[in-house]
Amino acid sequence: MRPLLLLLAFLLPPRTRAGEIIGGQEARPHSHPYMAYLHIQSPGGSSTCGGFLVREDFVLTAAHCQGSRIKVILGAHNVQRRERTQQRIPVVRAFLHPGYNQQTNMNDIMLLQLRRRARLNQVVRLVALPETEARVGPGTMCTLAGWGRVDLNRGTDTLREAQLRVENDQECSIRFPLYTGQTQICVGDPRERRSAFLGDSGGPLVCNNVAQGIVSYGSSLGIPPAVFTRISSFSSWIRETMRRLQKQSQNEVPLSLMLP
């Protein structure tokens, strides 16, 4: 299969129920209180992605998780149940990075503005973002969480987690011709069967309690490593976008896709 087909196969969110991370385990309920589950409606149907709460009114995710209507679920463990801890909030604006390229998947990052502020508590919290543009180094052990699939045929509805290692850029460069270490992170030991998979897109890679990466793409078979968007490369854009809307009333704007 050509590299582009591999990329597309991984990017496409499942149109059935969510599943689990390959090689992971079920997370202790609400041990990742920053996690967001995205239910996406588009002209082609419905799909799901992951995301994470970075401000009371903003969720960060992957740009390829865009849709015409998005609902965010916070405080969830089992996304198929109406848990009392859940907060379901519609998205009013989706801000794609102006340099996002759907064909190459470069700059795969998007901010979602929520209709109302999330209520922060023990099961709904913010996750820290990188303060500087320092790169997370190879060998760093990080945590991935998500509702993605375990394989093409099996799934579960509860949040899963896995410990993944940051790899040298070379590991991804030889597998993915479009990979660039400047704005992406190579994640997952190729000798181990642990990786993000279908449905994990948009979820965070958390290293030492800081969100460093966003699930972007990988092998259609879920073989590590996978490619994550490097959040530190977009710190200025994230801060400026949220600052620009800080005083704007969210209830007065319709859902609109801010294309470059």
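Analyst: Cys65 counts as buried, at 1% relative accessibility. The model is predicted, so every value here is computed from it. The partner of Cys65 is Cys49, with the two sulfur atoms 2.1 Å apart. The torsion about this S-S bond is about -80°, so the link of Cys49 and Cys65 is left-handed. Cys49 sits in strand β3, residues 45-55, while Cys65 sits in the loop between β4 (58-61) and β5 (69-74), so the pair ties together parts 16 residues apart in sequence. Cys49 is buried too, with a relative accessible area of 2%.

How many disulfides does the structure hold? There are 3. A disulfide is a covalent bond between the sulfur atoms of two cysteines. Counting bonded cysteines along the chain, the pattern is 1-2, 3-6, 4-5.

Next comes the pair of Cys142 and Cys207. Their sulfur atoms are 2.0 Å apart. The torsion about the S-S bond is 100°, and the link of Cys142 and Cys207 is right-handed. Buried or exposed? Cys142 and Cys207 are both buried.

The remaining pair is Cys172 and Cys186. Here the S to S distance is 2.2 Å. The torsion is 85°, and the link of Cys172 and Cys186 is right-handed. Cys172 belongs to helix α2 (residues 169-173) and Cys186 to strand β10 (residues 184-187), so the bond spans distant parts of the chain, 14 residues apart. Cys172 and Cys186 are both buried.

Now the sheet. Strands β8, β11 and β10 belong to an open sheet of 7 strands. The order is β1-β9-β8-β11-β12-β13-β10, with antiparallel pairing. The edge strands are β1 (25-26) and β10; each has a single partner strand, so one side of each is left without a neighbour in the sheet. What is the pairing between β8 and β11? These strands pair in the antiparallel sense, over 2 bridges. Leu144 has Leu205 in β11 as its bridge partner.

Asp200 is buried, with a relative accessible area of 1%. Arg160 is 40 residues from Asp200 along the chain, yet their C-alpha atoms are separated by 9.8 Å.

Thr61 lies in strand β4. Its relative accessibility is 0%, which counts as buried. A polar atom of the Thr61 side chain lies 2.8 Å from the backbone oxygen of Gly50. Which residues does Thr61 contact, leaving aside neighbours within four places in sequence? The contacts are Leu38, Gly50, Gly51, Asp108, Ile109, Met110, Leu112, Gly202 and Ile214.

Asn105 is placed in the loop between β6 (87-96) and β7 (110-114). Asn105 is buried, with a relative accessible area of 1%. The side chains of Asn105 and Asp108 make a polar contact at 3.1 Å. The Asn105 side chain makes a further polar contact, with the side chain of Ser216, at 2.6 Å.

Helix α3 covers residues 235-244. Its buried residues include Ser235, Trp237, Ile238, Thr241 and Met242. The buried residues of α3 pack against β3, β4, β6 and β7. Of these strands, β3 carries Cys49, and β4 carries Thr61.

Terms used. Residues are numbered from 1 along each chain as its sequence is written. This is a predicted model: local features need pLDDT of at least 70, side-chain atom pairs count only at pLDDT 80 or more; totals for chains, interfaces and linings use all residues. Side-chain values use heavy atoms; hydrogens and water are left out. A disulfide is a pair of cysteine sulfur atoms within 2.5 Å. Helices (H or I, at least four residues) and strands (E, at least two) are DSSP runs, numbered from the N terminus. Buried means under 20% relative accessible area, exposed over 50%, partly exposed in between (1.4 Å probe, protein chains only). A polar contact is a pair of N or O atoms within 3.5 Å; within protein, one must be able to donate a hydrogen and the other to accept it, and residues adjacent in sequence count only if both atoms are side-chain atoms. Contact means heavy atoms within 4.5 Å. Two strands pair if DSSP finds at least two bridges between them.
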